[in-house]
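I opened this model to go through its ligand sites and a few backbone details. My entries follow in the order in which I looked things up.

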Amino acid sequence: MSLSVMPSPQSQATALTYEHQWPGTVIAIQANYYSVQLDVSAEGLKDCGVIDTDSDKSILLCIRRGLLKKLGQQIMVGDRVVVEEPDWQGMRGAIAAIYPRKKFLDRPPVANVDQILLVFALAEPGLEPYQLSRFLVKAELTELSITLCLNKRDLVSDEVATQWQERLANWGYPVLMTSIRDDERLPADLLSTLQGKITVVAGPSGVGKSSLTNRLIPDQDLKVSAVSGKLGRGRHTTRHVELFELPTGGFLADTPGFNQPDIVTAPEQLSHYFPEIRQRRAEANCQFSNCIHRDEPGCVVRSSQENGWERYEHYLSLLEEVTKQQQNLSQQPDAEATEKVKMIEDGKVLHEPRLEAKKYRRTSRKTRNQAFQELCLDLSAVEDLEDLEDLEDLGL
Ligand code: GDP
Ligand code: ZN
């Protein structure tokens, strides 16, 4: 890979800092190729004379350095990485290092996510409180901050909109209301919430998530994504996640919607995921420290006439669900070990036999490392060979 940096005099300092190492964010992965959105803009690259094409993107199609492979370091969408010595003509590069991850989600698999934007519609489809609750609890399980957006504001009266606003404030969630159809501009609060962050957009289908994403991100960016474009594959394949850069900075994760999110948690943990319960427990203690707020005496959470809260019924339903789940699991101690539950598009859940992946990987990596050490191979020679193979795969 060659590097031909010809910095213009006024931007020499920037060019020197970045000459060999370019930080960026992985925005898509397909097979062994990674699309990396560099921190520097296309304008910045042009300014320092690195590229002179009329592309308005600073995205490189990258492979992973052999050393990262040897160390077994996996790269996820959302990872902050360093790309070394890119080939600017072909806009290709190799990822040489991964920054430590702040936080990652496993479904969808995205690293360094800052928040979840939960989108529901006020009408068409009608707002179902219990469905909304399930999505909220599912979002709370990630322990990320949640922004709730109610779309299709144009389809309901002011009175209905205000009622929902007050009702959800009592649940502990402030809401943003939008009408993608009628609003010329999206609410400033929404834009500032998204700015500079990695946000996962979730919600049932039909509520306007794609319409919202399309409004936030210039059309062509959604249609042409670096990896799927180059490798000729579609966007909405199973478990395929991609980040789209917002014009104001930050990224949106484009994920397939699901209708009935599965809530998986221990019964005694469930109460952490209701703001109403968190608030009550901050003010007073239940008599028993392991209270699950069902029928224990001296419970400060249980809803009563003087201490009523709307979602207590939802809490009880979910408590029953997760309790059953736990009982089923304890009756089939091997279920987890032999079966893998996968969320596929539109909330369908796929049960797959689990290959003994961890065990297999552990042995295999160990064996490989041993062989590697015995042979005392020159690391860089191996890297180059592997990179060459990758480039051959790409048809280079
Ligand atoms: P998704 O399944 O959540 O991605 O929803 P879409 O973005 O595909 O939208 C579903 C339907 O709702 C489409 O026909 C949109 O045109 C319509 N829609 C989206 N936003 C609004 C809105 O604010 N008001 C109204 N009336 N319709 C909307
Ligand atoms: Zn209690």
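**Entry 1: the zinc site**

I listed the protein donors of the zinc ion (ligand 2) and found Cys286 (SG), Cys291 (SG), His293 (ND1) and Cys299 (SG), at 2.1 to 2.4 Å from the ion. I note here that this is a predicted model, and every distance below is computed from it.

I then looked at the geometry. The 4 donor atoms of the zinc ion (ligand 2) make angles of 105 to 115°, and the site is tetrahedral. For reference, I wrote down that the ideal angle for four tetrahedral donors is 109.5 degrees.

Along the chain, I read the spacing of the donors of the zinc ion (ligand 2) as C-x4-C-x1-H-x5-C. I also looked up the burial of two of these residues: histidine 293 and cysteine 299 are both buried.

**Entry 2: ligand 1**

Next I asked which residues come nearest to ligand 1. There are 15 residues around ligand 1, and the nearest are Asp154, Ile180, Gly206, Ser210 and Ser211.

I sorted the shell around ligand 1 by class and got 4 nonpolar, 7 polar and 4 charged residues. Helix α7 (residues 209-216) gives the most to this shell, with 3 residues.

I went through the contacts to oxygen atoms of ligand 1 one residue at a time.

- Glycine 208 has a backbone N or O atom 3.0 Å from an oxygen atom of ligand 1.
- Lysine 209 has a backbone N or O atom 2.8 Å from an oxygen atom of ligand 1.
- Serine 210 places a polar side-chain atom 2.5 Å from an oxygen atom of ligand 1.

On its own, ligand 1 has 580 Å² of accessible area, and the protein covers 68% of that.

I looked up glutamate 276, which is found in helix α10 (residues 275-283). Why does glutamate 276 count as buried? Its relative accessibility is 3%, and the cut-off for buried is under 20%. I then checked what its side chain touches: the side chain of glutamate 276 makes a polar contact with the side chain of arginine 311, at 2.7 Å.

Arginine 64 came next, and I found it in strand β3 (residues 59-64). Arginine 64 counts as buried because its relative accessibility is 11%. Its side chain reaches a backbone atom, the oxygen of glutamine 73, at 2.6 Å.

**Entry 3: backbone details**

I searched for cis peptide bonds and noted one that joins glutamate 124 and proline 125, with omega about 0°. I placed proline 125 in the loop between β8 (115-121) and α4 (129-141).

I also looked for positive phi values in residues other than glycine.

- Glutamate 85 has a phi near 35° and is not a glycine. I found glutamate 85 in strand β4 (residues 80-87). Its relative accessibility is 34%, so glutamate 85 counts as partly exposed.
- Lysine 152 has a positive phi of about 65°, and it is not a glycine either. I found lysine 152 in the loop between β9 (145-151) and α5 (158-171). Is lysine 152 buried or exposed? Lysine 152 is buried, because its relative accessible area is 18% and buried means under 20%.

Conventions: Residues numbered from 1 in each chain as written. Chains lettered and ligands numbered in written order. Predicted model: local features only at pLDDT ≥ 70, side-chain atom pairs only at ≥ 80, totals over all residues. Heavy atoms only, no water. Donors = N, O, S within 2.8 Å, 3.2 Å for Na, K, Ca; no water. Tetrahedral: all angles 85-135°; square planar, octahedral: opposite > 155°, others 65-115°. Buried < 20%, exposed > 50% of the residue type's maximum accessible area, 1.4 Å probe, protein only. Near = heavy atom within 4 Å. Polar contact = N/O pair within 3.5 Å; in protein donor to acceptor, adjacent residues only side chain to side chain. Areas by Shrake-Rupley, 256 points an atom, 1.4 Å probe, with all protein chains shown as cover. Helix = DSSP H or I, 4+ residues; strand = E, 2+ residues; numbered from the N terminus. Nonpolar A, V, L, I, M, F, W, Y, C, P; charged D, E, K, R; others polar.
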